[in-house]
Amino acid sequence: MADETPREDGHEDDVEAVPAPPSDEVAAAVLERFPGTVFHESHGQPVVYVDRAVWAELARFLRDEQQFTMCMDITAVDHLLDAGRVDLPGVEYERFEVVGNFLSHPRNRRIRTICQVPVGELSVASVSDTYPGVNFAEREVWDLYGIAFDGHPDLTRILMPDDWVGHPLRKDDPPGRIPVTFKEDNPNR
Amino acid sequence: MTDPISRLTGKRPRHGSPEQIAGEERLERQTDEGAQELRPTKLKEVVLAGGPWPEMDDPGSTMLINMGPQHPSTHGVLRIMLELDSEVVIQAKPVVGYLHTGMEKTGEELTYVQGSTNVTRMDYASPLANELVFSLAVENLLDLEMPPRVRWMRMMLVELSRMASHLLFQATNGMDLGAVSMIIYGWREREEVLRFLERVTGLRMNHNFIRPGGLAADLHDGWQEDVLNVCDLVEEGVQEYDDLLSANPIWLERTVGVGKITTEQAIALGATGPILRSTGFAWDLRKSQAVDLPYDEVDFDVIYTSNGDVFDRYRIRLYEILESVKIVRQCVARMPPGDYRVQDLKVTPPPRARIDESMEALIHHFKLFTEGFKVPPGETYVAVESPRGEIGCYLVSDGTGKPMRLHIRGPSFYNLQSMAPMMEGSMVADGVAIISSVDPIMGEVDR
């Protein structure tokens, strides 16, 4: 980790120092409430990397105590073979990420929450009891990535046919191709 | 397979590796109401449509019926499973996925230059909003600042697209409710808007005109006259619809008080756009969070009403056309001079004339359109107000020339969920009015 590399400025006291508090007040509140959360400002947007275990609790916290009235979106990312992944200290990266985008109407601000989902245990707690509108979105993530949402009332495929095998947005699920047939390939011609 | 519901759905046998089947079985265990199954609420006896009819003296029996995906008033391929007690809808469940074409997967295979061609086909009634949100997301990852003319041109084009989309709504909404002449009138004005967009972009729909780094071309000579002419025609048309419908007793009978939804329900279900505004909540991203578009410099109003019914959603969309006309007129008056794209050699192809005289320009052009440009690693979420609500683009880059993940938050996808509470307790015929008033575009729902 970065802590083991010698620092050139020589401030040895700072090696274990607490990072600067986040510039975003909601993120600061999240960090205070959920220790272990990592804050990151991505192109001017506040992002918090939270532990998978507190995913549903965080949603309740955002709605009940931080006035985040709407969950705009739940989606996922497959980071298999991702060479350029942003490396933040304190985040234990896994292959899958579940991403939530939240909007507060009264405070007119947004926050994005990201949690890591390991391949061995593809499940996250559902936030559909806090934000019923994510029902379709969580079904979509299940359908296309195979990440299950525990406690979801109706976790079924939504876009793909019911008898489809596999989860198409995974990076190891290759897009189908129709082979090119040349004229001379056809012996009956 | 004795119960009638599974006979109705007719599940096919599963195939695949044992792990996959195990995964599917886990899915089934977690499911108590399948995508293709609707669990009746008042289960005394379930009767399938076309099946043996219930005893007439049995008041508790309900009927399951499929509406769509080929029903003409479901706006494409939306399927709704209805549980009916005679004519009254007890519960409604939208079933989507019939138009799924894997556009997000396709987006991962296309370069950023090609990407706007892909996303523009999602919400095909207002394609420029899709292109805009994608381009803004890419530009956010590139940290590009757009010149003023680009921002104003984008705003004007998106407003024209909003006019076209709402005019389409007026046409189809009228037809769904029996005001069949509306389809002719709505189409007439929409065609004028599309004709102008065709002159500017070359295509009536799926323009691929707003691109990362600016726009594809500048406006043609004399565009001011053309667009003002369109504005006049649209204003006349809106006045005509207003005269035809807004005080028409049959229209009011069909729409007022039908499909009611409250602000709390709309917010909880993630509904945005005219549905949220019809409940008395004036939320419009153009006012509150206008990303990189000069909406704060033009004068327009957010239209909202407080009844949350079909009539209000019709009225909001009708008057929003006039607000868009207002914005477009101001754009004509105040369009700044300058470049129609950002002059950043990383993303901007060289001018056409340079290609004839310079080898380097030719190579540069060729490389941009074959390999595309590289976007630094990072992730971003950008949202703009499309005619249907908040359209968002979540974009993750891994530093290569293609997106690692391209996700579009389609407003119709979320708005569809608000249809169930609107329909419950209403008549089947009102259901048609409700579907129409939600104005779902299935290309965006299924992506």
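This is a predicted model: local features need pLDDT of at least 70, side-chain atom pairs count only at pLDDT 80 or more; totals for chains, interfaces and linings use all residues.
Local features were required to have pLDDT of at least 70 and side-chain atom pairs pLDDT 80 or more, whereas totals for chains, interfaces and linings use all residues. Residues are numbered from 1 along each chain as its sequence is written, chains are lettered from A in the order in which they are written, and side-chain values use heavy atoms, without hydrogens and water.

In chain A, strand β1 spans residues 38-42 (strands are DSSP runs of E of at least two residues, and helices runs of H or I of at least four, numbered from the N terminus). Of its 5 residues, 4 are buried (under 20% relative accessible area, 1.4 Å probe, protein chains only). A:Glu41 stands opposite A:Pro46 in β2(A). The strands form a hairpin with 2 residues between them, and A:His43 in the turn has a positive phi of about 50°.

The whole structure contains 4 cavities of 30 Å³ or more (sets of points on a 1 Å grid over the protein atoms alone where a 1.4 Å probe fits but cannot get out; lining residues have an atom within 4 Å of a point; grid points are joined across faces, edges and corners, and a volume is the space filled by probe spheres set on the points). Of its 15 lining residues, A:His79, A:Val86, A:Glu97, B:Glu379 and B:Val396 are the closest to its centre. β8(B) supplies the largest share of this lining, 3 residues.

Definitions and conventions
Buried means under 20% relative accessible area, exposed over 50%, partly exposed in between (1.4 Å probe, protein chains only). Two strands pair if DSSP finds at least two bridges between them. On a 1 Å grid over the protein atoms alone, a cavity is a set of points where a 1.4 Å probe fits but cannot get out, and a pocket is an open set with protein on both sides within 12 Å along at least five of seven lines; lining residues have an atom within 4 Å of a point.
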